[in-house]
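Have a look at the structure shown here.

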Amino acid sequence: MITFAAALTIGCNSNKPKVNEPLADSGRTERTENMLENLKQLGDSGVYMFGHHDDTVYGIGWEADYTNDSTIGAKSDVKSVCGDLPAVLSFDLGHIELGDDQNLDGVPFDYIRKEAINHFDHGGLVTLSWHLNNPLSSGSSWVADSLKDIEQNTVTAVLEGGEKHELFLGWIDKVADFINSLETPYGVKVPVVFRPWHEHTGSWFWWGQDFCTAEQYKALWKMTAERLKEKGVVNALLAYSPGTEPNGEVEKYLERYPGDEIIDVLGLDAYCSAPNADSTLILDFAQKLDRNLAMVAKVAKEHGKAMALTETGYEGIKTAEWWTMTLAPILAKHPISYILVWRNARENPTHHFAPYPGHISASDFIKFYNLNETLFLHDVNALYLKRK
């Protein structure tokens, strides 16, 4: 745990001279490889980092001033409740493939870049997802009923020999350019966890279960990994994150696994969908989460991978003690390195997964923050400084 904190806070002084980063045998930077090893160690340490998607760029009732660099890292719903930023920040690259200046949620990519570098400089971990458009139908990542006849052929179209293959390679190149641009003023490439092709065990994305074969899905991953490497990306770990559809069955979880040579982090996306705080459905969620995390832990140990709860949450957080009575007891049982709850949408106040001031779960979240098991940004910095 101490090693982990030190690795993420090395070089926090922007006045440092430029450095030449050595590469490990894998071809990635040594910092990136160290981050992977630290995530593995963290999973065995009994503590985990807390993360929140888009935490510092907008929240309930506010939005950062994207034209003003002084707002970077300055505000956060999580920080407003507990006084600390998440240890993990997540951002999405959707629409970068289109050449847009802003992502699918209206956040400028230049601002995301600055947030990512700033968070790394303060000891935090950055993860990136990619809700990209459909290159065949020009629709979104989400499959539309009216376009299913077209969208079911998208993966075929982007693979080698497909009609959209060259276009799609160009899309991956834009992702590579962005990840390559994550460099501090003193020349350090920011290590990130990149998580494309997620929740493929469902069928709501065009790369999902019903829209390609297992071999095609694996080929999609292989093409992505190889292209990123060809474009010189040396600072990205790759995360595999099915949904809960495998329901604890290892064979189903690994059915479309692209291989140990590609994947670094084994994840799980699991959401509670209980309307009106239905206690029976919340209990069902907790039991299913427990079962699936036990399965991922088994696979991670056998394959020598880091493990994370790559997306989770309860939209609206309709119970006051969600954090300490539902989520924390399950997380304490499994060797996860971090958890990530989804965003607090400024355009839709009911679509939130972290508390904000005045929320019914805010006081319980402070208890969650104070648990020995949870790490926020100050925690990783304090551990490093104490060791130093």
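## Before you start

This is a predicted model, in which local features need pLDDT of at least 70 and side-chain atom pairs count only at pLDDT 80 or more, while totals for chains, interfaces and linings use all residues. Residues are numbered from 1 along each chain as its sequence is written, and side-chain values use heavy atoms, leaving out hydrogens and water.

## Two helices that cross

Two packed helices are described by the angle between their axes and the distance between the axes. Here, helix α11 (residues 322-331) and helix α12 (residues 362-369) have axes that come within 8 Å and cross at roughly 45°. That makes α11 oblique to α12. Angles under 35 degrees count as roughly parallel, over 145 as roughly antiparallel, 65 to 115 as roughly perpendicular and the rest as oblique. The axes are lines fitted to C-alpha atoms, for helices over the stretch in contact, and angles run from 0 to 180 degrees between N-to-C directions. Helices (H or I, at least four residues) and strands (E, at least two) are DSSP runs, numbered from the N terminus.

Which residues of α11 and α12 meet? From α11 come Trp322, Trp323, Thr324 and Ala328, and from α12 come Asp364, Phe365, Lys367 and Phe368, where contact means heavy atoms within 4.5 Å.

## Salt bridges within a helix

How many salt bridges does a search of the whole structure find? The search gives 21. A salt bridge is a side-chain nitrogen of Lys or Arg within 4 Å of a carboxyl oxygen of Asp or Glu.

In helix α2 (residues 30-43), Lys40 and Glu37 sit three residues apart, about one turn of the helix, and their side chains form a salt bridge with an N to O distance of 3.2 Å. Lys40 is partly exposed at 24% relative accessibility, and Glu37 is partly exposed at 36%. Partly exposed lies between buried (under 20% relative accessible area) and exposed (over 50%), using a 1.4 Å probe and protein chains only.

## A bridge between strands

Arg195 and Glu311 also form a salt bridge, and their closest N and O atoms are 2.8 Å apart. Arg195 lies in strand β6 (residues 192-195) and Glu311 in strand β9 (residues 306-314), so this pair ties together parts that are 116 residues apart in sequence.
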